[in-house]
Amino acid sequence: MPFVDGDDLHPQVNIDKMAAGEPLTDADREPWLKLIRKKAEEVLVAEEDRAVVGDYLLRKPNTKARGVVVACSALKKSYRDILRRTTTTTTNKGLLAEMTDCDCNNNKETLCTYFVFIKGERELLRERMEKRDGHFMKINMLESQLSTLEEPTDGEEDVVVVSLEDETDEQVRSAREGLRSLVDISL
């Protein structure tokens, strides 16, 4: 599946704020999250257009996977709902949820959204962040990220949890296995 890094879609003003150690607000994040959703939809349409040209199938035969992998920090349920496209409106008091029907099993036109939450302890997160070179979000932002975080582990649907402590190969295996249990595709 194609990959989109949500960090690449931040507007410069967000990058400047984070680089200066200033946490983003809901108002800063909402347009970014909507842009991520829009980009995922655009990438999916582009992939579908490339899949079949005339009578020629450009995708491997028997490939069922249809989707886009997006990496981003969807820290709150309201942020994840924007990515699910179940929130559509903002008021001056913050995010206002307007629930929509997302029937992923019966609606082929719907881009359903599933999350892989990489769960880890503060110290391991700090250690990993310290090893990143050149990223605009500095280590001093970790505390604001963790204080904003609403873990999607308590009853939130369509979420797979993997351990930050696991090696990358094990995380990928766990994510694929968890996603297979949620959707009927080959991963």
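This short report looks at salt bridges in the structure above, and then at one residue after a helix.

The model is predicted, so local features need pLDDT of at least 70 and side-chain atom pairs count only at pLDDT 80 or more, while totals for chains, interfaces and linings use all residues. Residues are numbered from 1 along each chain as its sequence is written, and side-chain values use heavy atoms, with hydrogens and water left out.

A search of the whole structure turns up 16 salt bridges (a side-chain nitrogen of Lys or Arg within 4 Å of a carboxyl oxygen of Asp or Glu). Here are three of them:

| Salt bridge | N to O distance |
|---|---|
| Glu41 – Arg85 | 2.6 Å |
| Arg80 – Glu156 | 2.7 Å |
| Glu156 – Arg84 | 2.9 Å |

Let's take Glu156 first. Arg80 lies in helix H3 and Glu156 in the loop between helix H5 (142–148) and strand S8 (159–163), so their bridge ties together parts 76 residues apart in sequence. Helices (H or I, at least four residues) and strands (E, at least two) are DSSP runs, numbered from the N terminus. Glu156 also bridges to Arg84, another residue of helix H3, 72 residues away in sequence. Salt bridges with shared partners join Lys77, Arg80, Asp81, Arg84 and Glu156 into one network.

Buried means under 20% relative accessible area, exposed over 50%, and partly exposed in between (1.4 Å probe, protein chains only). Arg80 is buried at 2%, as are Arg84 at 13% and Glu156 at 15%. Arg85, at 39%, is partly exposed.

Finally, Val183 sits in the segment after helix H6 (168–182) and is buried at 18%. Its C-alpha is 9.2 Å from that of Asp158, 25 residues apart in sequence.
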